[in-house]
Amino acid sequence: MHTSFAGKKIVLGVTGSIAAFKVAGWVSALAKDEARVRVIMTQAATRFVTPLTFAALSGEKVVSDMFADDEGPEISHIELGKDADIILIAPATAHTIARMAHGLADDLLSATVLAARARIIVCPAMNGQMYAHPATQANTARLRELNYQVIEPACGMMACKDEGQGRLPEWEQVREILLRHLSAGDLQGQRILITAGPTREPLDPARFISNRSSGKMGYAMARAAYRRGAEVTLISGPTALPCPEGVRRVSIQTAEEMRTAVLAHFSEATIVLKSAAVADFRPETRYADKVKKDQAELSLGLIANPDILQELGRKKTGQLLVGFAAESGHLLQEGKKKLQKKNLDLIAVNNINQENTGFEVDTNQITLIDRQNVIELPLASKERTADLILDHVITLL
Ligand code: C5P
């Protein structure tokens, strides 16, 4: 499955911290994402994890010795960094950070760093006291002055059982940072308003009406838009998903609350992606106390919620408006009808009766309809689908 990592060359420098074992999982994930990973290990790193582990996971020979006889000139420190898209140093020990801060080049990794022109990203991982030491802090500050990106370690319990700041960050966070560097930045200057997830329409303090939306598609678009340089506001119904890095999230529950939040941010937006599954109806009565079960039956009166997107279609003053439609039949017909009725620039339609697309799953298959074109996107991950939708949005700007 094609991802933004496909064909990119990542040089990974592994140094002698216990967190080296976690990075084996990162190499495996990068290989799955079709990146070309070349691992350089310091001598100390080879005491924690064997080069064979990284070689097997990356499918490439692992190098660590600057003067190894059998390695030949083609993998010198100059060659290793030359065509790299990113050099990632993870885990980076206090010692390696100190050496890089002073421009030392006494092993293959530090020499490669000096010789490379690629973006250098450093993930310190060590005991919290070592990280907090003024010497380490001065060295990381120096790396930032040299325009290296230093990712702050996470807080929590470390291998030595001490609590503190020094843990290797989670792969998902690092992956996003790498993708942001690899992106074309083609949404810079855009302010994108995205809605995601379901709404909840309460009946009483314990119960509500909602739908199966997980928010995954909207969150994937928020991540992709931020990566590509946009300023992103995400108005989200209740979901289990964490707030994406760099994104301003406004949490709401009901369609009415979503309407208020969307209208508050609409005028400043240049693009609106309305992927939320807004409940079309809400209970007529919202009981202050929990409805008791000691009655034979209960009828529920429902009233229509406002159609937020249709209101935006009437109010828009130059914003590019993208709607979403989950349909169970007549996709093209329904999509075209909603494009007209809600005065949209683009609508993304998906078939909720088909397997692997729509609610809850990680993949989607969308048909894009604008005023001129109908484009069938392939069945792909929601991450890839998000990029394909944004690619098309850019052509309409
Ligand atoms: O008409 P339908 O509900 O199928 O349209 C779906 C699109 O309209 C989605 O983009 C959804 O976010 C939006 N919508 C809305 N307010 C509603 C219902 C749907 O903004 N009350």
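How far from an oxygen atom of the ligand does a polar side-chain atom of lysine 338 lie? In this predicted model, the distance is 2.4 Å. Good morning, colleagues; I shall begin with the ligand and then turn to the pockets.

A polar backbone atom of alanine 276 is 2.7 Å from an oxygen atom of the ligand, and a backbone N or O atom of phenylalanine 324 lies 2.9 Å from a ligand oxygen. Taken alone, the ligand exposes 450 Å², of which the protein buries 88%.

The residues around the ligand include Lys274, Asp280, Asp307, Lys338 and Lys342. By class, the shell comprises six nonpolar residues, one polar residue and five charged residues. Helix H12 (308–315) and strand S16 (320–327) are the elements that give two or more residues to this shell.

Where does the ligand sit? Its site is the largest pocket, with a volume of about 920 Å³. Of the 38 residues lining this pocket, Ala276, Ala277, Phe324, Ala325 and Ala326 are the closest to its centre. The lining divides into 15 nonpolar, 12 polar and 11 charged residues.

I turn now to the second largest pocket, which holds about 410 Å³ of space. Among its 17 lining residues, the closest to the centre are Glu172, Gln173, Arg175, Glu176 and Arg223. Helix H9 (171–182) contributes to this lining, as do helix H1 (20–32) and H10; H9 gives the most, with five residues. The classes here are seven nonpolar, two polar and eight charged. Thank you.

Definitions and conventions
Residues numbered from 1 in each chain as written. Predicted model: local features only at pLDDT ≥ 70, side-chain atom pairs only at ≥ 80, totals over all residues. Heavy atoms only, no water. Near = heavy atom within 4 Å. Polar contact = N/O pair within 3.5 Å; in protein donor to acceptor, adjacent residues only side chain to side chain. Areas by Shrake-Rupley, 256 points an atom, 1.4 Å probe, with all protein chains shown as cover. 1 Å grid on protein atoms, 1.4 Å probe; cavity = no way out; pocket = protein on both sides within 12 Å on 5 of 7 lines; lining within 4 Å. Sits in = over half its atoms within 2 Å of the grid points. Helix = DSSP H or I, 4+ residues; strand = E, 2+ residues; numbered from the N terminus. Nonpolar A, V, L, I, M, F, W, Y, C, P; charged D, E, K, R; others polar. Points joined across faces, edges and corners; volume = space filled by probe spheres on them.
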